[in-house]
Amino acid sequence: MTKPSDPARSDPRSSTAAHSPISCQLTSPEATADLAQQLAAQLQPGDCLLLEGPIGAGKTHFARSLIQSLMSHPEDVPSPTFTLVQTYEVPSGELWHADLYRLSALEEIEELGLFEAFDDAICLIEWPDRLAELTPAHALHLKLTLDPAEEDCRHLTLTWSDAKWQSRMDEIAHDRP
């Protein structure tokens, strides 16, 4: 993981802590799954991840990998594109995976019960732009982009403003090869 504007941060094991934003290149679906699993190990009830990126960028693959790594007994994790929300019981509590792509009004989002989940559950939100002004301030933003030169490669930028994410990102950056 690197801070895009700071070449000295190219070694994630350096003693200098990472700061928002940080970026990394995910060279394969397996690398994406590995990072999702590392992040999953850091999550607690009340955490919210906002997964941004175009169709095909790997948002659902990232979410599926993260969810399965938290399950006591991994099971199929379908995309919530048509159900809008899937909930899972994981050892730390409830996990909500929402795909807001098909929603067009804030009232539709309120009907999902998502705002109550922000307080007590781990929430993964695809297409978070639909939340508009209702976006939780404490969320971790993950922006996935495609690499036009490498079909399986993705670029990930993580940003946050809540201080709770700093030590977690430092831990993940320290553990990355």
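A disulfide is counted where a pair of cysteine sulfur atoms lies within 2.5 Å. In the predicted model examined here, this rule gives a count of zero disulfides. The sulfur of Cys24 has its closest cysteine sulfur in Cys153, at 9.7 Å, and this is too far for a bond. Cys153 likewise takes part in no disulfide, since the nearest cysteine sulfur, that of Cys24, is 9.7 Å away. Both residues fall below the 20% cut-off for burial: Cys24 is buried with a relative accessible area of 9%, and Cys153 is buried with a relative accessible area of 2%.

Asp152 is placed in the loop between strand 6 (140-146) and strand 7 (154-159). Its relative accessibility is 45%, so Asp152 counts as partly exposed. When residues up to four places away in sequence are not counted, Asp152 touches Leu26, Thr27, Ser28 and Pro29. Asp152 and Glu30 are 122 residues apart in sequence, while their C-alpha atoms are 9.7 Å apart in space.

Pro29 also belongs to the contact between two helices. Two packed helices are described by the angle between their axes and by the distance between the axes. For helix 1 (residues 29-40) and helix 2 (residues 59-70), the axes come within 8 Å and cross at roughly 50 degrees. This angle makes helix 1 oblique to helix 2. The crossing in which helix 1 passes helix 2 is right-handed. On the side of helix 1, the contact is made by Pro29, Thr32, Ala33, Leu35, Ala36, Gln37, Leu39 and Ala40. Helix 2 contributes His61, Phe62, Ser65, Leu66, Ser69 and Leu70. Sorted by class, the contact of helix 1 with helix 2 holds nine nonpolar and five polar residues, and no charged residues.

Phe82 and Leu100 are separated by 18 residues in sequence and by 9.4 Å in space, C-alpha to C-alpha.

Another pair, Pro21 and Thr159, is 138 residues apart along the chain, yet the C-alpha atoms of the two are separated by 4.5 Å. Pro21 is found in the segment before strand 1 (22-26). The relative accessible area of Pro21 is 31%, and this residue is therefore partly exposed.

Backbone angles were also considered. Trp127 has a positive phi of about 60 degrees, although this residue is not a glycine. A positive phi of about 50 degrees is found for Ala132, which is not a glycine either. Trp127 is placed in the loop between strand 5 (122-126) and strand 6, and Ala132 lies in the loop between strand 5 and strand 6. As for accessibility, Trp127 counts as buried at 16%, whereas Ala132, at 40%, counts as partly exposed.

Methods: Residues are numbered from 1 along each chain as its sequence is written. This is a predicted model: local features need pLDDT of at least 70, side-chain atom pairs count only at pLDDT 80 or more; totals for chains, interfaces and linings use all residues. Side-chain values use heavy atoms; hydrogens and water are left out. Axes are lines fitted to C-alpha atoms, for helices over the stretch in contact, and angles run from 0 to 180 degrees between N-to-C directions. Helices (H or I, at least four residues) and strands (E, at least two) are DSSP runs, numbered from the N terminus. Angles under 35 degrees count as roughly parallel, over 145 as roughly antiparallel, 65 to 115 as roughly perpendicular and the rest as oblique. A crossing is left-handed if the near helix is turned anticlockwise from the far one by less than a right angle, and right-handed if clockwise. Contact means heavy atoms within 4.5 Å. Ala, Val, Leu, Ile, Met, Phe, Trp, Tyr, Cys and Pro count as nonpolar, Asp, Glu, Lys and Arg as charged, and the others, Gly among them, as polar. Buried means under 20% relative accessible area, exposed over 50%, partly exposed in between (1.4 Å probe, protein chains only).
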